[in-house]
Amino acid sequence: MRKRIYINMCALSIVILVVISVFVIGLFYNMNGLKTEKQMESEVQDIAVALEHMSEESVADYLSRIATLNKSRITIIGSNGIVLYDTKEVAANMANHKDRPEVKVALESGKAFDSRYSKTLGAQTYYATIRLSSGNVLRIAYVSQTLLSLIVSLAPYYLVMCAIIVVLSLVVAWKMSNSIIEPINSIDIHNPETNFRYKEFNPLLRRISKYNDERKKNEKLRREFSANVSHELKTPITSILGYADLLRNGMVKAEDVEGFAEKIYKESDRLINLVNDIIKLSRLDEKKVGIDKVIVPLDELSNKIKEILIPVTERYRVNFVLDVEPVRVMAVELMMEELLYNLCENAIKYNHPGGHVTVKIRRDRKSIYIEVEDDGIGIPKDCQNRIFERFYRVDKSHSKQIGGTGLGLAIVKHVVEYHEGEIQIDSDIGEGTRIRVILPEGR
Ligand code: ADP
């Protein structure tokens, strides 16, 4: 970053220098032209006045002296364009000047000024002419400095200026980069929003702060989860160990052995369910489930779930009804299966014998609705926003007794969040429960 600031500052200074130089040289060159015109006009006038009062013999001598003094060239051209006198060349060798613009105009209107590029001299040449009383034309020519020679003559100053500017830019860039970077380097990453100078950084600092909060929250959840997992695993294992120990030591009466074996089976079953749910959740957390979304036909999927749950519906003697439209959703198939399974299994488990469970699947233009409704035991109002927490159960012993792990709705919540949907719950004790999942269409 520092290097970039240096380079940018130097580049900017040099660009500014070049732009200003071009502007100044252009201005200087133009002003120089105007000044030259004025000077030459008065010069040609003065020489003309002097010539009027001079004897013919002195003319050549006078003109050559003036030309040397002013570093100019003086020519006298006859009214027919023939060169009569020139301070640089033998007049007889020179071409007819009748068509030269400055001569032509002077013959017509008394005086003229012209400037053009002379190929012979390789330079810009200014001409000032005046018609003398004799009818001849007096012309002075002045070779001006070309733009290139002007630039060449300014080059040393220019280079010194460039060097000074580069050094100054480096110093300023160094100071600036230090004053910019230092506060950034000293951001307190744990409390980013305190005492920071640049308000432009506020969105970033807010994000860091939010990230910190989330990290702390996740860390807390992770610790709680680990503690809960250990506790949840320990309980059935302790029971299994206890029963197995009694059996091993022959301390169980023959008629009670079957009951003990049943208890060991139940606890092991709970244990395996628990381990499976933990694996599912951690896979969801780490996004290890096949996360590719495909078109999932929810009607077919709910039929499959119904089949799988037949033993459960029979055990709890609950009527399980599907009222589903042929709705398709872009989703992760395995996640959708988990969602439907957990909602339906809960509706059956937390029900009364002879109770009813209805699964409705509908869609409208914006959303897809999955609704699982039962007329079972219901959920107290004050527990309704906690049942999606990991290991939370309204009635812990009841849930354990029916093989619950306390993780089913946490999995459902995860799945819904992944699909950017929402969950609504409507329940009353003794009245039953309706859980509605709304998924956005086309995701
Ligand atoms: P569990 O494995 O204990 O069923 P869940 O996460 O699936 O865990 O559910 C959390 C708790 O929410 C359950 O223990 C139960 O008390 C309550 N619950 C969930 N669904 C229902 C329902 N349909 N009717 C009544 N209570 C329910």
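Arg362 has Tyr369, over in E10, as its bridge partner. The model is predicted, so to speak a computed one: local features need pLDDT of at least 70, side-chain atom pairs count only at pLDDT 80 or more, and totals for chains, interfaces and linings use all residues. Numbering starts from 1 along each chain as its sequence is written, and side-chain values use heavy atoms, with hydrogens and water left out.

**The sheet**
- Strands E9 (356-363) and E10 (367-374) run antiparallel and are joined by seven bridges; strands here are DSSP runs of E, at least two residues, and helices are runs of H or I, at least four, numbered from the N terminus.
- The open sheet has five strands in the order E7-E9-E10-E12-E11, with mixed pairing (two strands pair if DSSP finds at least two bridges between them).
- E7 (319-324) and E11 (422-428) are the edge strands.

**Helix on the sheet**
- H9 packs on the sheet and touches E7, E9, E10 and E12 (432-440), where contact means heavy atoms within 4.5 Å.

**The ligand**
- The ligand is surrounded by 20 residues, with Asn346, Tyr350, Ser399, Thr405 and Leu409 the closest (near means a heavy atom within 4 Å).
- H9 (333-349) and H11 (408-418) each supply at least two shell residues, and H9 gives the most, with three.
- A polar side-chain atom of Asp374 lies 3.0 Å from a ligand nitrogen, and one of Thr433 lies 3.4 Å from a ligand nitrogen (polar contacts are N or O pairs within 3.5 Å).

Key: Polar contact = N/O pair within 3.5 Å; in protein donor to acceptor, adjacent residues only side chain to side chain. Axes fitted to C-alpha atoms, helices over the stretch in contact; angles between N-to-C directions.
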